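Have the model open in your viewer and your selection tool ready. Could you walk through it with me, one stop at a time?

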Amino acid sequence: MTDRLVSVAVPVPALGLLTYRVPADQPMPVPGARVVVPLGPRKLTGVVVGHVSAADVTFKLKDILQVLDAEAFVPPDVVKLTQWVSDYYLAGPGATLATALPPHGLANRVDRFKTVRVVALTTAGMVRLKADSTAVDVASAFRRTLPALGPKQLQAMRLLADAPDGLTAPVLAEQGIAATSVSRLQALGYVAIRDERVDRDPFEHAVGAHKPDGAARARALTGEQEAAMAQLAPLAAARAFHVALVHGVTGSGKTEVYLRLADAVRQGGRGVLMLVPEIALTPQVAALFRARFGAAVAIQHSGLSDGERHDQWHRIRRGDVDVVIGTRSAVFAPLANPGLIIVDEEHDTSYKQDETPRYHGRDVAIMRGKFTDALVVIGSATPTLESYANGLAGRYSLVTLKRRVLDRPMAQVQVVNMREEIAAAGAEVVLSRALSEAIKVRLDEGQQSLILLNRRGFATSVLCRQCGASLECPNCSVTLTVHTQGLVHRSDPREGGRDWRARCHYCNFTKLVPKACEKCAAPYMERIGFGTERVEAEVRAAFPSARVARVDRDTVRRKGSLVEILEKVASRDVDVLIGTQMIAKGHDFPECTLVGVISADVGLGMADFRSAERTFQLLTQVAGRAGRGERPGQAIIQSLVPEHYSVRLACDQDYRAFYDKEVEFRRAMRYPPQVAMINVVVRDKTFEDAMATARDLADAMRGGKGFVVLGPAPAPLTRLRGEHRVQLFLKGTSRKAMREGLQLALSRLTKISKAIAVDVDPLSML
Ligand code: ADP
Ligand code: ZN
């Protein structure tokens, strides 16, 4: 016998679960159902997460107003998963549940207009006219018959009179007829609105022209793929929770293993969920799954329009699909009974959400597997230290693919010591002699090159040569980055009387670079350092006939532009592709035989204990882009510190040696995976206020068992978007003790502040 009490998550940040009573005349809602509840003066739609016993309640409760769903809207296992996320990451249950819902899932009035068909009722039939009527006849006939209508409504009726099957809302919208006009016609009884489920197909632009050729058919597996399947298939068939880490070098054919496994699980009647870091960057994966499994595949990612995401969510919820591919948030997809959850490129930092709830898609995937008795397969050529440590400890099965398919060789890697290049060619050198020569050879032979520099812009900063002042952001504690404005086609890219623009990469503050120093008025402003725009200019200057394209956040702002550029590369309309780490991810360009890295050292200067790991991953991944086709590949890595172990071991492509060295460093310094961390950042208008709050928090936690508190101290980015930031860390072996200690400290703060960001298992230390 229940007490007719429910706990409800409402979409209000920082609010916990709320308890309501269900009045006797309302049905008892199941977990996952949406309900309308009163909150102060407001009415909100929330989701029931569970039933509550009256014994736990000591205060007077309000009644829910309405039960919206007879069955669960959000599947119960997903409700449970969001509750886990909310507890583990110390995030509000409502904000967490919102990430699991389709767009407008909790909106009081769902915008149905996009999915309806409008049909004229008999009134409009009266004005059907003879075939030889002129436009004027038609218009006046309508005006006579339907005098009360405005011009847009009249126009709608005329269009509908000629369409006995009705017209869809988007078609009407194209003619300028909005939902409000249609609603009015419906109210007058002139038209009927019917639901229409023509699901928008996001594959059209998400995967573009990637038509996998023979890949639609399963092909013979290599020996290593065969062995991997022999390890994984029984785990999938066991219908019990298990995690396997597939550590396979770039080009070892991991995707084919995923496809086979997915097929087996589908045949066994269970669903498959596959997470990828970024759909636009891995179009081949989505296209391959579509080609192999047809329309039973749904796709979920943030690049879709609200309408598309809404359609896909409901297709999955209705059970129309059994394979879901998506980015981070797809881990919450309403797929019934997932039996296999794949996390491709598990090392990719885009799995971590950098706003509340700050969850890691891979870790949530593992929990979902635990709740649903599924096999979770995480894969990478460069696994995170955390995952590999779990593999070595036996918590995960370790599946290894050591060789590329068809015995294709790994790229040959050459390191260029840039200290020697600078000695020979001056401090301004961007392309070493070896790299220039290698690009030239590729151009002569009609092969492609890929050039990486993980830094956007033209120059890193501007410095006054007289007083040393640099151009800084007024809102953030960073120097401004110099950008050209699409003027890179001049014959000499390095000089000329163009305007330079400086921009903050955090808050987008922009200004023209002054001709003279703002501090000392000396006219000697010098650009320091270089980014991808400068590399593009250098390549164009050195190889004027080469077809060059650039991929970084500046060139792919427009939706679809990244896919366009990648398609040009795939169709060989690009000779040299320059870009940031975006180009290092999962692409398979068979014609690319050269990878150049302009500066391997970009990430090493960062104040972050993971900088060596990031450098190793990036260099290994980008070198893995070369020579994936028939012809062998070459990688040239430029570095000022070629002796650094992350650079050296990436060149040797020796993951295990890197792991052993790095894990030793983490152990000595007591960093993850040796210990767990929680990062707390307090923001405020003044530094003193932020510091005071952070101190209160830290003091309340000192003496806690199982962890230590470090700080508070100014965050590396001490000012950001006009606010001051102070951070503190919790480090320890018991995440539970750390979470509880922090929760208690937060609840004791006298001033409730929304400006406290809690990051459990942080990936960024900034
Ligand atoms: P990874 O994800 O491990 O880097 P991919 O899955 O992209 O590697 O595979 C690399 C290339 O090898 C792709 O072009 C793929 O089509 C091809 N490939 C995979 N398995 C086989 C196989 N069994 N026989 C022939 N080619 C294969
Ligand atoms: Zn700024």
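This is a predicted model: local features need pLDDT of at least 70, side-chain atom pairs count only at pLDDT 80 or more; totals for chains, interfaces and linings use all residues.

**Stop 1: the zinc ion**

Start by selecting ligand 2, the zinc ion, together with C473, C476, C504 and C507. The SG atoms of these four cysteines coordinate the metal at 2.2 to 2.4 Å. What arrangement do the four donor atoms form around the zinc ion? It is tetrahedral, because the angles they subtend are 103 to 113 degrees. Along the sequence, the donor residues follow the spacing C-x2-C-x27-C-x2-C. Colour both by accessibility: C476 is buried at a relative accessible area of 2%, and C504 is buried at 0%.

**Stop 2: ligand 1**

Next, select ligand 1 and show its surroundings. A shell of 17 residues surrounds ligand 1, and the closest are R219, A220, Q225, G251 and D588. By class, the shell holds five nonpolar, seven polar and five charged residues. Which helix gives the most to this shell? Helix 10 (residues 254-267) does, with three residues.

- a nitrogen atom of ligand 1 to a polar backbone atom of A220, 2.8 Å;
- a nitrogen atom of ligand 1 to an N or O atom in the Q225 side chain, 2.9 Å;
- an oxygen atom of ligand 1 to an N or O atom in the K254 side chain, 2.9 Å.

Ligand 1 exposes 560 Å² when taken alone, and the protein buries 82% of that.

**Stop 3**

Select Q638 in strand 26 (residues 634-639). Is Q638 buried or exposed? It counts as buried, because its relative accessibility is 0% and the cut-off for buried is under 20%. Its side chain has partners to look for: a polar contact of 2.8 Å joins it to the side chain of S432, and it also reaches the backbone oxygen of I598 at 2.8 Å.

Then move to N417 in strand 16 (residues 412-417). N417 is buried too, at 17% relative accessibility, and its side chain reaches the backbone nitrogen of R419 at 2.9 Å.

**Stop 4: a loop residue**

N337 is in the loop between strand 12 (323-326) and strand 13 (338-343), and at 39% relative accessibility it counts as partly exposed.

**Stop 5: backbone details**

Switch to a backbone view and look at two cis peptide bonds. One joins T356 and P357, with omega about -10 degrees; P357 lies in the loop between strand 13 and helix 13 (361-372). Another joins G711 and P712, with omega about 10 degrees, and P712 is part of strand 28 (residues 707-720).

Finish with phi angles. R239, in the loop between helix 9 (223-237) and strand 9 (242-248), has a positive phi near 55 degrees and is partly exposed at 44%. R572, in the loop between helix 18 (561-570) and strand 24 (576-579), has a positive phi of about 65 degrees although it is not a glycine. R572 is partly exposed, at 34% relative accessibility.

Definitions and conventions. Residues are numbered from 1 along each chain as its sequence is written. Chains are lettered from A and ligands numbered from 1 in the order in which they are written. Side-chain values use heavy atoms; hydrogens and water are left out. Donors are N, O and S atoms within 2.8 Å of the metal (3.2 Å for Na, K and Ca); water is not among the atoms, so sites may look incomplete. Four donors count as tetrahedral if all angles lie between 85 and 135 degrees; four count as square planar and six as octahedral if opposite donors are over 155 degrees apart and all others between 65 and 115; anything else is irregular. Buried means under 20% relative accessible area, exposed over 50%, partly exposed in between (1.4 Å probe, protein chains only). A residue is near a molecule or strand if one of its heavy atoms lies within 4 Å of it. A polar contact is a pair of N or O atoms within 3.5 Å; within protein, one must be able to donate a hydrogen and the other to accept it, and residues adjacent in sequence count only if both atoms are side-chain atoms. Accessible areas come from the Shrake-Rupley method with a 1.4 Å probe; for residues, only the protein chains shown count as cover. Helices (H or I, at least four residues) and strands (E, at least two) are DSSP runs, numbered from the N terminus. Ala, Val, Leu, Ile, Met, Phe, Trp, Tyr, Cys and Pro count as nonpolar, Asp, Glu, Lys and Arg as charged, and the others, Gly among them, as polar.
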